[in-house]
Each structure stands twice: as C-alpha cells, then as structure tokens.
Amino acid sequence: DCLAGDMHARRESYYDIVKETALDLHKKHALIDPKTGKRVSIGLIRMANITPCVEMGKYLHAAAWEEGCTPRILIYHSRQTILLRHEEESYLDRLLKRKNPASIFTDEVLREHIDYAEEEHILFLLVATPVEEVGRDHDFDWAIVEPSSYRSIIQLAGRVCRHRKMEHAPDTPNIAVLQYNL
C-alpha cells in the first residue's frame with residue numbers, strides 16, 4: 001500500500017511539472033486575440049504511450065489552474081474509434097495549417113471557446129502519442145515531449161512553428177523535453 005501511495009505521488013508530481021511547463025510555454029508563446037485581447041496558444045504534449053497519454057489529459061482537465069488561465073484539452077491516440085479519430089484528424093489538419101499564425105482566430109470552434117472563456121489565458125492542448133508525428137502537417141506554438149528516440153524528438157520538433165516565416169521565430173525555447181518518461 002505504501003508503494004502504491006508513492007507511485008501515485010510520483011504521478012501527481014510528474015503531471016504537475018507538465019502542467020507548469022505548459023503554462024510557462026503558453027505565457028512565452030501565446031498570441032493575442034485581436035477581438036478580445038486574450039492570450040491564446042496551441043500546445044502539444046506528446047506522451048510515449050497511450051495509457052499515460054489518457055491519464056495526462058484527464059489530469060490536466062481536472063487540475064486546478066492558476067487564476068486567469070483555462071485549458072481546453074483534446075486527447076489523440078491510435079486506439080480511438082476510427083470515426084472519432086478521423087474527425088479529430090480532419091479538424092486538426094484544417095486548424096493547424098498556419099502560414100498565418102493568427103488564422104486560428106477565425107476558426108469557429110476556437111472562436112467560440114475564446115469568446116465564452118472568462119479567463120485571459122486560454123491554452124488549447126493536444127495531448128497525444130507518437131501518432132501525431134506520423135504524416136501530420138501541423139503547426140503548434142509550443143510542445144512538451146517525453147524522451148524517446150532522437151528521430152521521434154526531431155519529428156515532433158518539426159511540428160512546432162512548422163509553417164511560420166523566420167520573422168516570426170521565437171526568441172525563447174518553445175520545446176521542452178522531459179527528463180524521464182512517466
């Protein structure tokens with residue numbers, strides 16, 4: 001029982017580190033919505049395996065976030081039903097083609113979340129497995145990645161600011177690699 005309690009505490013600590021890192025990256029790389037003045041970012045949290053991916057998404061959804069911040073979370077992995085996964089992929093493929101970074105503010109779904117959120121900081125989080133790295137042409141503002149092969153990390157890095165011109169290059173790191181896997 002003591003061992004189970006220790007494992008639970010470690011998971012909570014791990015999840016908290018990811019949450020705090022996401023908040024830090026959001027604050028450094030968020031865009032300002034021209035309509036509301038709210039700070040909005042789309043981040044990727046890439047977990048190595050499906051079960052921790054789902055657990056991370058659930059934790060982030062239920063977690064207490066600092067005042068003025070709210071997350072919107074989508075969990076994405078290969079074991080989702082075909083129809084759900086197809087719908088998610090179709091939506092993400094449209095949303096995350098960002099030659100113009102501010103194009104997210106014209107998306108109906110995001111627009112509704114932004115307009116109805118009371119908080120100033122809105123983090124749109126995709127919590128995913130390596131399925132995000134395969135054949136996806138997505139552009140995120142920032143990412144957090146569990147350690148894996150260097151090829152996988154390079155693939156993930158190619159999903160951050162993928163479509164943006166160099167004049168929009170960030171001046172601070174926008175990818176965090178965790179020290180350990182959960």
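Which residues does Arg-111 touch, not counting residues up to four places away in sequence? Asp-33, Lys-35, Thr-36 and Phe-105 are the ones that Arg-111 touches, where a contact means heavy atoms within 4.5 Å. The legends below start from that residue and go on to other close-ups.

A quick note on the model: this is a predicted one, where local features need pLDDT of at least 70, side-chain atom pairs count only at pLDDT 80 or more, and totals for chains, interfaces and linings use all residues. Residues are numbered from 1 along each chain as its sequence is written, and side-chain values use heavy atoms, with hydrogens and water left out.

**View 1. Arg-111 in helix α4.** Helices here are DSSP runs of H or I with at least four residues, strands are runs of E with at least two, and both are numbered from the N terminus. Arg-111 is buried, at a relative accessible area of 14%. On this scale, buried means under 20% relative accessible area, exposed means over 50%, and partly exposed is in between (1.4 Å probe, protein chains only). Lys-35, one of the residues that Arg-111 touches, comes back in the next view.

**View 2. A salt bridge between Lys-35 and Asp-115.** The N-to-O distance for this pair is 3.1 Å; a salt bridge is a side-chain nitrogen of Lys or Arg within 4 Å of a carboxyl oxygen of Asp or Glu. Lys-35 sits in the loop between β1 (31-32) and β2 (39-46) and Asp-115 in helix α4, so the pair ties together parts 80 residues apart in sequence. Lys-35 counts as exposed at 58% relative accessibility, while Asp-115 counts as partly exposed at 30%.

View 3. Arg-85 is partly exposed at 24% relative accessibility, whereas Glu-89 is buried at 14%. Elsewhere, salt bridges that share partners join Asp-33, Lys-35, Arg-111 and Asp-115 into one network.

**View 4. Lys-28 and Asp-24 in helix α1.** Here the closest N and O atoms of the salt bridge are 3.2 Å apart. The two residues are four apart in helix α1 (residues 2-29), which means about one helical turn separates them. Both count as partly exposed, Lys-28 at 46% relative accessibility and Asp-24 at 36%. A search of the whole structure finds eleven salt bridges. As background, side chains of opposite charge can pair when their charged atoms come close.

**View 5. Lys-19, a buried lysine of helix α1.** Its relative accessible area is 7%. Not counting residues up to four places away in sequence, Lys-19 touches Leu-60, Ala-63, Ala-64 and Trp-65. With Ala-64 there is a backbone oxygen 2.7 Å from a polar atom of the Lys-19 side chain.

View 6. Leu-23 counts as buried at 4% relative accessibility. Leaving aside neighbours within four places in sequence, Leu-23 is in contact with Trp-65, Glu-66, Cys-69 and Leu-123. For Leu-23 and Cys-69, 46 residues apart in sequence, the C-alpha atoms are 8.4 Å apart in space.

**View 7. Arg-136 in the loop between β4 and β5 (142-145).** Arg-136 counts as buried at 14% relative accessibility. Setting aside residues up to four places away in sequence, Arg-136 touches Tyr-76, Glu-89, Asp-93, Val-131, Arg-159 and Arg-162.

**View 8. The largest pocket, with a volume of about 310 Å³.** Of the 16 residues lining this pocket, the closest to its centre are Leu-74, Tyr-91, Leu-92, Leu-110 and Phe-124. Two or more lining residues come from each of β3 (69-76), α3 (82-95), α4 (108-116) and β4 (121-128). A pocket is an open set of points on a 1 Å grid over the protein atoms alone, where a 1.4 Å probe fits, with protein on both sides within 12 Å along at least five of seven lines; lining residues have an atom within 4 Å of a point. Grid points are joined across faces, edges and corners, and the volume is the space filled by probe spheres set on them. Helix α3 gives the most to the lining, with four residues.

How values were computed: A polar contact is a pair of N or O atoms within 3.5 Å; within protein, one must be able to donate a hydrogen and the other to accept it, and residues adjacent in sequence count only if both atoms are side-chain atoms.
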